[in-house]
Amino acid sequence: MLKPGPQDLRVALARYADARIEDARRSTAATARAAEDAAYTLCVMTGTQAVPQALDAADAMLGMRTTDSPALRRTVGTQPGERRAGTGPDGAAPRLRTV
């Protein structure tokens, strides 16, 4: 598998987040398709088959750990090593990311 560059991965993460936000705001066939396309692209780039694993893989590739910071744990509501239950149709939990 080819490893994506950090900038390409950040663009894919931002595209996925934007598509999910837009679909949540006003869901249409087009916004749902855009969210599916962005999720698929993210999975392909990370070599995974599901969005939660793709997000974890992207974090690892970028050297990020979203739950290591006490401030982020308070914001996200998790403890070290704890995973939040998925809330979206693909099981992905909302995450804070630096892109």
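A: One term before we start: buried means under 20% relative accessible area, and exposed means over 50%. Also, this is a predicted model.

Q: OK. Which residues of α1 are buried?
A: In α1 the buried residues are L9, A12, L13, Y16, A19 and D23.

Q: Where do they sit on the helix?
A: Looking down the axis of α1, the buried residues fall within an arc of 130°, so they line one face of the helix. An α-helix has 3.6 residues a turn, so residues three or four places apart point the same way.

Q: And which exposed residues are on the face turned away?
A: Q7, D18 and R25 are the exposed residues carried by the face of α1 turned away from its buried side.

Q: What covers the buried residues of α1?
A: The cover includes α2 and α3.

Q: How many residues does α1 have, and what does it reach?
A: α1 has 20 residues and reaches 28 Å from first C-alpha to last, close to the 28 Å expected at 1.5 Å a residue.

Q: Now the packing. At what angle do α1 and α3 pack?
A: The angle is about 145°, and the axes of α1 and α3 are 11 Å apart. Their crossing is left-handed.

Q: Which residues make that contact?
A: From α1, P6, L9, R10, L13 and Y16 take part; from α3, V51, L55, A58, M61 and L62 do. By class, the contact of α1 with α3 has nine nonpolar residues, one charged and no polar.

Q: Switching to α2. Which of its residues are buried?
A: T31, A35, A38, A39, L42, C43, M45 and T46 are the buried residues of α2. They cover an arc of only 165° around the axis, which puts them on the same side of α2.

Q: What covers them?
A: What covers the buried residues of α2 includes α1 (6-25) and α3 (51-62).

Q: And the face of α2 turned away from the buried side?
A: That face of α2 carries the exposed residues A29, A30 and Y40.

Q: Why does A30 count as exposed?
A: Its relative accessibility is 55%, so A30 counts as exposed, the cut-off being over 50%.

Q: How far is A30 from A19 in space?
A: They are 10.0 Å apart, C-alpha to C-alpha, and eleven residues apart in sequence.

Q: Last one: what follows α2?
A: G47 follows α2, and its phi is positive, near 70°.

Note on methods
Residues numbered from 1 in each chain as written. Predicted model: local features only at pLDDT ≥ 70, side-chain atom pairs only at ≥ 80, totals over all residues. Heavy atoms only, no water. Buried < 20%, exposed > 50% of the residue type's maximum accessible area, 1.4 Å probe, protein only. Helix = DSSP H or I, 4+ residues; strand = E, 2+ residues; numbered from the N terminus. Arc of directions from axis to C-beta. Contact = heavy atoms within 4.5 Å. Axes fitted to C-alpha atoms, helices over the stretch in contact; angles between N-to-C directions. Left-handed = near helix turned anticlockwise from the far one by under 90°. Nonpolar A, V, L, I, M, F, W, Y, C, P; charged D, E, K, R; others polar. Expected span 1.5 Å × (residues − 1).
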